[in-house]
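Please read the sequence and turn the model slowly before going on with this report.

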Amino acid sequence: MASATGIPDVNNLRGTGEDEPLLGRRGDASQQDGTSLLWNLYLGTAAVAQAGIWVLAAIVWGSIFSHDLIFMSAHPLLNSAGLLLVVQAALVLQPTHTPEQKRAGTIAHAIFHFFGVSALTSGLVIIEINKARSGHRAEFASAHARLGLIFYILIYAQVFVGFTQYWVQSIYGGEEKAKKIWKYHRVGGYITATLGLATVCAATWTTYVVNVLSTQKWAVILASVITLVGVVPRIKLQKLGLRRDGENSEGRIRLDL
Ligand code: HEM
């Protein structure tokens with residue numbers, strides 16, 4: 001298809017749609033028609049995000065398995081695995097743009113979340129049982145515990161809104177009204193994922209990690225930052241109800257209500 005200037009629109013020819021990612025050009029982080037959903041997990045800067053989150057999980061798992069395993073060891077193992085799955089849930093959906101891709105992407109997104117949030121919930125149950133057993137009275141005393149609590153509240157809220165806005169739209173008064181919620185769920189998702197990474201970073205300051213595991217703080221922080229460096233550039237402003245003015249990406253950002 002030719003554009004108004006007569007220059008062929010290469011992105012449309014490739015079936016990558018019109019959406020523009022936060023960094024890069026149109027189509028840079030868009031699923032091509034006919035390609036597998038799984039490619040979304042590596043497309044564009046997703047490879048950087050994968051490097052970050054897998055290294056983060058490897059650091060946590062490495063430091064746990066290089067020490068004696070105790071009941072509480074399951075908490076970091078399950079929570080880092082859960083966060084890894086939650087990041088996959090975001091990466092698989094970000095590049096979708098046609099109705100079919102979005103439908104398949106939403107199902108994959110929900111499946112990743114089902115396993116991710118199940119792991120995170122098990123991690124919470126483990127740490128609470130551990131606290132009850134060891135007679136620890138101080139609940140949510142450390143920065144890690146407080147960030148973790150906010151993270152859990154946000155992720156459960158996200159799961160509830162995400163599920164209902166797609167599959168139980170009647171509670172919002174119909175499809176059109178439910179779709180208006182999507183952009184808040186997307187923004188909420190990025191905030192929640194960032195908080196999850198911050199919670200893992202804060203874990204490196206807890207007494208157990210400092211005294212027993214001695215996990216390198218800088219390595220955990222660096223892996224978390226790399227994860228975000230991979231995820232953030234793929235954010236599509238249009239999907240958040242924001243648009244850039246002008247033809248190129250140097251225009252101002254505008255809110256579409
Ligand atoms: C997304 C990931 C994580 C979340 C959401 C999370 C959440 C939490 C929460 C809510 C608590 C407090 C429970 C209470 O006070 O009743 C806690 C405690 C704890 N977590 Fe995590 N955690 C995560 C990852 C990790 C990792 C990776 C480690 C270790 C490398 C870790 C180590 C600890 C330790 C040692 C405690 C007990 C000390 C304290 O309460 O501050 N956590 N976690």
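A residue is called buried if 20 or more other C-beta atoms lie within 10 Å of its own, exposed if 12 or fewer do, and partly exposed in between, with the C-beta atoms placed from the backbone. Ser214 has 12 C-beta neighbours inside 10 Å, and therefore counts as exposed. This is a predicted model, in which local features need pLDDT of at least 70 and side-chain atom pairs count only at pLDDT 80 or more, while totals for chains, interfaces and linings use all residues. Residues are numbered from 1 along each chain as its sequence is written.

Ser214 lies in the loop between H7 and H8, and Ser214 has a positive phi of about 50 degrees although it is not a glycine. The helix names come from DSSP runs, numbered from the N terminus, where a helix is a run of H or I with at least four residues and a strand is a run of E with at least two. Another residue to look at is Leu124, which belongs to helix H4 (residues 99-134). Leu124 counts as partly exposed because 18 C-beta neighbours are found inside 10 Å. Although Leu124 and Asn79 are 45 residues apart in sequence, their C-alpha atoms are 8.1 Å apart in space.

The protein as a whole has eight helices and two strands, and these follow the pattern α-α-α-α-α-α-α-α-β-β along the sequence. Of its 257 residues, 32% count as buried. Two residues are in contact if their C-beta atoms, placed from the backbone, lie within 7 Å; among contacts between residues at least 6 apart in sequence, 66% join residues at least 24 apart.

Two packed helices are described by the angle between their axes and the distance between the axes. Here the axes are lines fitted to C-alpha atoms, for helices over the stretch in contact, and angles run from 0 to 180 degrees between N-to-C directions. The table gives two such pairs.

| Helix pair | Angle | Axes |
|---|---|---|
| H6 (residues 175-203) and H8 (residues 217-231) | about 170 degrees | 9 Å apart |
| H2 (residues 46-65) and H3 | roughly 170 degrees | come within 9 Å |

Angles under 35 degrees count as roughly parallel, over 145 as roughly antiparallel, 65 to 115 as roughly perpendicular and the rest as oblique. The angle between H2 and H3 therefore makes H2 roughly antiparallel to H3. Among the residues that make this contact are Ala46, Ile53 and Trp61 of H2 and Pro76, Ser80 and Leu91 of H3. By class, the contact of H2 with H3 has 14 nonpolar, one polar and no charged residues, where Ala, Val, Leu, Ile, Met, Phe, Trp, Tyr, Cys and Pro count as nonpolar, Asp, Glu, Lys and Arg as charged, and the others, Gly among them, as polar.

H6 and H8, with an angle of about 170 degrees, are likewise roughly antiparallel. The contact of H6 with H8 has eight nonpolar, three polar and no charged residues.

Which residues are closest to the ligand? They are Pro76, Ser142, Ala145, Gly148 and Ala203, and 25 residues surround the ligand, each with its C-beta atom, placed from the backbone, within 6 Å of it. The elements that give two or more residues to this shell are H3 (74-93), H4, H5 (143-167), H6 and H7 (207-213). By class, the shell has twelve nonpolar, ten polar and three charged residues.
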